[in-house]
Each structure stands twice: as C-alpha cells, then as structure tokens.
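Hi,

Here is the structure I promised to pass on.

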Amino acid sequence: MKVSSIDDSEFSCNGIGSIPTTTTTTDTHFTVMKTSLFFAGDGFTVYDCKGKLVFRVDSYGPDARYRDELVLMDPHGHCLFTVRRKRPSLHQRWEGYLRERINGQKPVFGVRRSSIIGPSSLTVDMYGNPGKEYQIEGSFGQRLCTVLNVKKEAVAKIRRKVDASTNVVLGKDVFSLSLKPGFDGAFAMALVLILDQISGDDGIGGEPDRTLV
C-alpha cells in the first residue's frame with residue numbers, strides 16, 4: 001500500500017472527495033512525533049506500524065509567517081497537501097489544497113470552529129461534496145480527540161501513545177493516529193496540522209471527548 005499517493009479526482013471540487021488511494025480496508029495506526037519540543041507548531045514525522053516513515057512536515061518555527069501555510073509531504077519531500085489559514089476569519093478557518101498550492105487554485109476542504117462563542121468542536125467541510133462533513137471533538141492539547149462522520153461514527157482518533165514494553169504513557173510530543181477503513185491517512189494528517197495550529201495545547205472545547213474513549 002502506498003499511503004503517500006493521492007488521487008486528485010477524489011478530492012476534486014467537481015465531485016465527491018474523501019476517499020483517495022491512500023485508504024485501506026483495515027484499521028490503520030500511525031505514530032506521530034513532533035520534531036522539536038521548544039514551541040507549539042513544530043514539524044512532524046509520521047510512521048506506520050512497521051516503523052516506516054510515511055509523512056513528514058518540516059519545522060516551521062515560532063514565526064507566524066511560517067505557520068499560516070503548512071505543507072504535508074511524503075517521505076521523499078513531495079507535497080501531498082497544503083493547508084492555509086484564511087484571514088480574516090472569526091471561526092479560525094483553515095483551508096486545504098491538493099499538493100502545492102498555486103495562485104487561483106480552489107481548496108478541497110475547510111476547517112472552522114463550529115461556534116465563535118465559547119469552546120466548541122471543529123467542523124470539516126468537504127467542498128467537493130456539500131453534503132459531506134466531519135466533526136472533530138475532544139482535546140487535541142491532551143491528545144484525546146475524535147473525528148466523526150455525518151452518522152456520528154468515529155473515523156479517526158488521536159490518543160496518547162503508550163510504550164508497549166513498559167505500559168508507560170509517553171509525552172504529548174508522541175501520539176497515535178488511528179484510522180478506520182476508508183479514511184485517508186494524508187487527509188487525516190492534514191487535519192492534525194490544523195488542529196495543532198487552532199488548538200495549540202489548550203485543546204478543543206477544553207474538555208476531552210469522554211464518550212468515545
């Protein structure tokens with residue numbers, strides 16, 4: 001399985017867009033690691049269950065200029081998704097583009113806070129299919145959140161990583177990303193980048209999602 005290849009047609013704004021070729025027919029488990037521990041918004045490396053590097057995000061540092069547009073790459077440095085902060089936006093909206101964004105290119109998905117007042121979940125709008133959306137609930141700061149489809153079924157979960165040999169919970173700089181069959185890994189990791197920016201270490205909604213733990 002080539003988890004780092006994406007079928008453009010699946011994220012086309014002219015048709016349905018959420019099941020690229022990076023999906024599998026079984027549950028998928030990734031280990032996500034921050035590449036620096038000095039500040040929120042660092043780069044990431046992502047490994048599969050066999051320890052193989054599948055995605056990476058180069059460190060973009062503390063300067064806000066480098067955090068308004070982020071690039072998710074495959075292990076060879078090829079751009080898979082670009083996510084960009086939309087300004088101005090009361091809902092802290094971000095938009096995602098296939099591969100490297102170029103002028104005039106239309107985004108394929110958007111992420112926004114469900115409410116501008118108080119703590120709230122996040123809504124993921126799929127621009128290629130107006131009837132398709134996802135909700136992200138829980139606390140990213142605590143590495144405890146869940147992506148739900150329109151049927152309120154969990155399709156992706158972020159959890160603290162537990163060392164299998166010692167049964168010790170690792171620090172927040174290492175966490176697991178688990179996907180249900182049919183949910184794309186690159187898309188899920190693009191959402192992680194946005195969560196890291198919107199939520200920082202404060203989390204979404206302040207309290208973890210306790211119904212899906």
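Which residue lies over the face of Y97? That would be R101, at 5.8 Å from the ring centre. For this, a charge sits over a ring if NZ of Lys or CZ of Arg is within 6 Å of the ring centre and within 35 degrees of the ring normal. R101 is in the loop between β6 (94-98) and β7. Its side chain also makes a polar contact with the side chain of E69, at 2.9 Å. (A polar contact is a pair of N or O atoms within 3.5 Å; within protein, one must be able to donate a hydrogen and the other to accept it, and residues adjacent in sequence count only if both atoms are side-chain atoms.) Leaving out residues up to four places away in sequence, R101 touches E69, T82 and R84, where contact means heavy atoms within 4.5 Å. There is another charge over a ring at R143, whose charged end is 4.5 Å from the centre of the F140 ring.

Before you go further: this is a predicted model, so local features need pLDDT of at least 70 and side-chain atom pairs count only at pLDDT 80 or more, while totals for chains, interfaces and linings use all residues. Residues are numbered from 1 along each chain as its sequence is written, and side-chain values use heavy atoms, with hydrogens and water left out.

As for confidence, pLDDT is the predictor's own score for each residue, from 0 to 100. The mean for the protein is 78, and 70% of its residues reach 70 or more. Residues 1-10 are below 50, and that stretch has 35 contacts in the model beyond near neighbours in sequence. Residues 205-213 also stay under 50, with 19 contacts beyond four places in sequence.

Now the aromatics. The whole structure has seven aromatic pairs. (Rings of Phe, Tyr and Trp, the last by its six-membered ring, pair if their centres lie within 6.5 Å; planes under 30 degrees apart count as stacked, over 60 as edge-to-face and the rest as tilted.) F81 and F109 are edge-to-face because their planes are at 75°, with the centres 6.0 Å apart. That pair links distant parts of the chain: F81 is in strand β5 (residues 79-85) and F109 in strand β7 (residues 109-113), 28 residues apart. (Helices, H or I of at least four residues, and strands, E of at least two, are DSSP runs numbered from the N terminus.) F109 is buried, at 0% relative accessible area. (Buried means under 20% relative accessible area, exposed over 50%, partly exposed in between, with a 1.4 Å probe and protein chains only.) The rings of F109 and F187 are edge-to-face too, with centres 5.0 Å apart and planes at 75°. F187 lies in helix α1, so this pair ties together parts 78 residues apart in sequence. Ring pairs join F81, F109, Y134, F183 and F187 into a cluster.

On to α1 itself (residues 185-199). Of its 15 residues, 15 are buried. D184 caps the N-terminal end, with a side-chain oxygen 3.3 Å from the backbone nitrogen of A186. Finally, K34 in strand β1 (residues 28-34) counts as buried because its relative accessibility is 13%, and its side chain makes a polar contact with that of D196 at 3.2 Å.

Cheers

Note on methods
Expected span 1.5 Å × (residues − 1).
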